[in-house]
Amino acid sequence: MNSDISIVALSLQIALFATAVTLPLGMLVAWLLVRKQFRGKFVLDVVVSLPLALPPVVVGYALLWMVGTNGWIGQASESVFGSTLAFTWIAAALAAAIVSLPLVVRSFGAALAGVDPRLEIAARGLGAGSVRTFLTITLPLAYRGVIAGVLLGFVRALSEFGATIVVAGNIPGRTQTVPSAIFTRISAGDTDAAWRLALVSVVLGVIALAIHNWLLKRSPLSGVGRSNEGRR
Amino acid sequence: MLTRRSIQIVLTLLCVTFIASCGGNADKDVPLIFAAASLADVLAESAEIYEKETGKRVEFNFGGSITLANQIAKLDAPVDGVFFVGELPELLLGDLVVPVPNGRIGLVNTLVVIAKENAGNVRTVEDLAGSDSRIAIGDPVLAPVGRFAKQALESASVWDEIKNDLIFTADVRAALAAVETGNSTYGIVYRTDAMGSDSVSIVSEIYDGYSPVVYAGRTLADARNALAAKNYFDFISESKDVQNVFESAGFTVGFSGP
């Protein structure tokens, strides 16, 4: 039981770190894709969405080269910390961040798109800068969709297996997440232990999705087509 | 309600989590040792004895020795010691490992064919050819036990006939589990794994036809906690209690040296 708790704790730590990365990055990308026009916008969209279309092991393998001795992240890490990031929990967190980013960007994009741009233009016209407009007009109107996006990204980060196994291994106490531990227990024939952790995953997933759907029900987007707003 | 206050609270929580999680999990002086899957139980027990007598801890990662050796040799896994079996991991690691000093404990194992309690008519390796049943072995690409099994099956001239009935697993414990759960009728595992399991029985001992199954503990030359790993290996080489653990599990114990 003890090791169950520590495995869940490590998974939560990795997923929180990944979410802390995808939240600002996802918001920036979503805002660029929804509010801005620029050359290469199509490319950005494809690159950010790519992890959704690739097998997670491919994502993990690509990341492995970046964080190993031949990659720029690995070399930077070696000069600062003395070792590469491969097979560390940070590599696992980066893998989780990359695979959850497309989901986060899409969720944030939908939330931002539900905010009337005329309100933002009005605020800018009254003298507010970009950041202030974003924080005081856009975000308060979009916040339910944003929280839903964070939840989706978080639970996706918790579930990542293929990329994590490749870039961080399955080292108990250091990089063994809930999915990796379930896999090991299934492989070892330890069915009771595997079911325990599987149950934890199901419970976490149900809670996250329930809150996610509830939030989206109450957001401005859900009123489209049902209210009289458009018929003035 | 999204107030300035709530944004502040959320951001603070995120920062605190971020900083707290940067503590990392690798304790100082606790060596990380990658080891063959078949050593899982005995090394865990040896670590308990080590901690009881010296107060020091060891951490392990068990799996197919070839898989793990590749992670160290090709992918820079940050490991301090290894306890692998067979020649190939040693070749893969090359001069990443320090030469084995004299007096270092080594283990020897043998292969057996296993089946669940009430199995069929197999009494020797050759019998597997006519059995028309699934046979679980480690993947020869990932685990030495699979290579040894393949050698044994080739020496008995049955490999070509049964190779389509083979189930490859990532390591020996997964092969054992395949037979324990009934997903495979037969399996080829180490004698020690069969002895450690309650729900399978040995239907045939395989004494020859494959390379010697020898385990050796080595430290990594450039590792952060190489000294801690060396201390652990020195301890288990000298401790009678640990040697008893190995022998009770079915390993043959020997020592390197002139």
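The legends below describe close-up views of a predicted model with chains A and B. Residues are numbered from 1 along each chain as its sequence is written, while chains are lettered from A and ligands numbered from 1 in the order in which they are written. Because the model is predicted, local features need pLDDT of at least 70 and side-chain atom pairs count only at pLDDT 80 or more, whereas totals for chains, interfaces and linings use all residues.

**View 1. The interface between chain A and chain B.** In this interface, 23 residues of chain A are in contact with 20 residues of chain B, two residues being in contact if their C-beta atoms, placed from the backbone, lie within 7 Å. On the side of chain A that touches chain B, α1 (2-35) and α7 (130-159) of chain A each supply at least two residues, and α1(A) gives the most, with four residues. Helices (H or I, at least four residues) and strands (E, at least two) are DSSP runs, numbered from the N terminus. This side of chain A comprises 13 nonpolar, nine polar and one charged residues, where Ala, Val, Leu, Ile, Met, Phe, Trp, Tyr, Cys and Pro count as nonpolar, Asp, Glu, Lys and Arg as charged, and the others, Gly among them, as polar.

**View 2. The two domains of chain B.** Chain B is divided into domain 1 (32-107 + 213-255) and domain 2 (111-206), with bounds that come from an automatic or database domain assignment. Taken over C-alpha atoms, the centres of these domains of chain B are separated by 26 Å. Across the boundary, 16 residues of domain 1 of chain B are in contact with 17 residues of domain 2 of chain B. The elements of chain B that give two or more residues to the domain 1 side are α2 (40-54) and α3 (65-73), and α3(B) provides the largest share, three residues. By class, that side of domain 1 has eight nonpolar, seven polar and one charged residues.

**View 3. Helix α3 of chain B and its cover.** The buried residues of α3(B) are S65(B), I66(B), L68(B), A69(B), Q71(B) and I72(B); a residue is buried if 20 or more other C-beta atoms, placed from the backbone, lie within 10 Å of its own, exposed if 12 or fewer, and partly exposed in between. Their cover includes β1 (32-36), β2 (59-63), β3 (81-85), α4 (87-93) and α6 (144-155) of chain B.

**View 4. The surroundings of I137(B).** I137(B) lies in strand β6 (residues 135-138) of chain B and counts as buried because it has 29 C-beta neighbours inside 10 Å. Leaving aside neighbours within four places in sequence, I137(B) is in contact with G146(B), A149(B), L166(B), F168(B), A175(B), G187(B) and I188(B).
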